[in-house]
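Here are my notes on the model, as numbered points. Please read them with the structure open.

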Amino acid sequence: MISYKDVCKSYGQTAAVVGLNLEVKEGEFFGLLGPNGAGKTTIMRMTAALTPVSSGVITVNGEQLHRDLVKVKQKIGVVPQYSNLEGELTAWENLEYHGRLYGIPRAARRRRIDELLEFAELTERQNDPARLFSGGMQRKLMIAKTLMHDPQILLLDEPTVGLDASVRRRIWDLLRQIKARGLTIFLTTHYLDEAQILCERVGLIDAGRLVLADAPQNIISGVGQYVLEYFSDGHTSQEFFADKESAIAAARNVQGDFKVREANLEDAFISLTNRDLGGNDEV
């Protein structure tokens with residue numbers, strides 16, 4: 001569905017993305033993980049045709065992204081990290097405006113608006129200005145707006161950033177329903193639990209380079225299923241093991257407090273890159 005071949009992006013002398021080779025399959029839920037400034041947002045912007053590549057090729061369904069821009073853009077829906085809603089317009093008017101931009105006939109447009117407002121649980125608030133909505137409601141309306149033109153691919157840049165835990169989980173349910181409809185979903189996130197729960201595969205990116213792309217559990221297993229974590233010489237150290245018994249046996253040699261637990265994606269990322277996750281992308 002989406003193919004990246006030797007894709008690079010530079011801003012002056014700064015390399016934001018270096019030699020990206022990746023395939024996102026049709027109907028797949030793919031997540032891109034990385035620390036502040038790793039290049040995730042740049043990859044998302046290039047995929048949405050908002051930023052041109054410096055070199056290399058991105059194709060969507062075999063068509064180069066720059067060759068037939070309008071045709072390709074019709075297949076893509078983008079939910080940016082920050083709100084792209086018209087705050088003074090109502091929820092209904094935001095969807096109506098987007099539908100008109102994409103040339104959806106009036107009758108089909110009205111049916112689609114009603115369907116999406118119900119899908120996003122916003123029917124009762126359809127006549128309220130978007131600026132009065134909570135963060136979670138705005139995010140649901142942004143997703144509904146993006147679905148107005150019935151895209152095949154949904155790009156989400158940090159879709160739940162800044163939302164509390166209960167709202168995040170409602171957004172997850174919404175995304176699962178979208179996935180069930182057969183859309184290809186490509187998201188960036190800093191929330192490791194989000195990627196581990198939602199994504200069939202994740203890509204770990206560091207300093208603009210793709211470190212690894214695989215199923216979350218395969219990445220964790222490759223590092224070690226269990227981690228021995230202890231504080232020593234002023235910092236926290238981690239050792240990885242294939243099984244819990246081996247981790248407990250090693251813990252007998254640890255001086256002071258320790259913890260043996262199941263490894264997660266964050267542990268795997270730190271082990272593979274020696275860097276932590278956190279913050280928002282700068283490039």
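What volume does the second largest pocket have? About 170 Å³.

1. Basis. This is a predicted model, where local features need pLDDT of at least 70, side-chain atom pairs count only at pLDDT 80 or more, and totals for chains, interfaces and linings use all residues. Residues are numbered from 1 along each chain as its sequence is written, and side-chain values use heavy atoms, with hydrogens and water left out.

2. Second largest pocket. A pocket here is an open set of points on a 1 Å grid over the protein atoms alone, where a 1.4 Å probe fits, with protein on both sides within 12 Å along at least five of seven lines; lining residues have an atom within 4 Å of a point. Volume is the space filled by probe spheres set on the points, which are joined across faces, edges and corners. The lining includes Met46, Ala49, Pro52, Val57, Gln64 and His66. Strand E4 (residues 55–60) gives the largest share, 3 residues. Helices (H or I, at least four residues) and strands (E, at least two) are DSSP runs, numbered from the N terminus. By class, the lining has 8 nonpolar, 4 polar and no charged residues. Nonpolar covers Ala, Val, Leu, Ile, Met, Phe, Trp, Tyr, Cys and Pro; charged covers Asp, Glu, Lys and Arg; the others, Gly among them, are polar.

3. Largest pocket. Its volume is about 290 Å³. The lining has 15 residues, and Leu50, Lys73, Ile76, Val78 and Tyr102 lie nearest the centre. Helix H2 (69–73), strand E6 (76–79) and helix H5 (135–146) each supply at least two lining residues. E6 gives the most, with 3 residues. The classes split into 7 nonpolar, 6 polar and 2 charged.

4. Sheet. Four strands form an open sheet: the order is E2-E1-E4-E5 and the pairing is antiparallel. Strand E2 (14–24) and strand E5 (63–64) are the edges, each pairing on one side only. Two strands pair if DSSP finds at least two bridges between them. E1 and E2 are joined by 7 antiparallel bridges, and strand E1 (residues 2–11) and E4 by 5. Isoleucine 2 has a bridge partner in each: valine 24 in E2 and valine 60 in E4.

5. Positive phi. In the E1 and E2 hairpin, with 2 residues between the strands, glycine 12 has a positive phi near 65 degrees. Which residues other than glycine deserve a look? Alanine 49 has a positive phi near 65 degrees and sits in the loop between helix H1 (40–47) and E4. Alanine 49 also belongs to the lining of the second largest pocket. Asparagine 61, not a glycine, has a positive phi of about 55 degrees. Asparagine 61 lies in the loop between E4 and E5. Asparagine 61 counts as partly exposed because its relative accessibility is 37%.

6. Arginine 112. Buried means under 20% relative accessible area, exposed over 50%, and partly exposed in between (1.4 Å probe, protein chains only). A polar atom of the arginine 112 side chain lies 2.6 Å from the backbone oxygen of leucine 147. Beyond neighbours within four places in sequence, arginine 112 is in contact (heavy atoms within 4.5 Å) with Leu147, Met148, Asp150 and Arg181.

Note on methods. A polar contact is a pair of N or O atoms within 3.5 Å; within protein, one must be able to donate a hydrogen and the other to accept it, and residues adjacent in sequence count only if both atoms are side-chain atoms.
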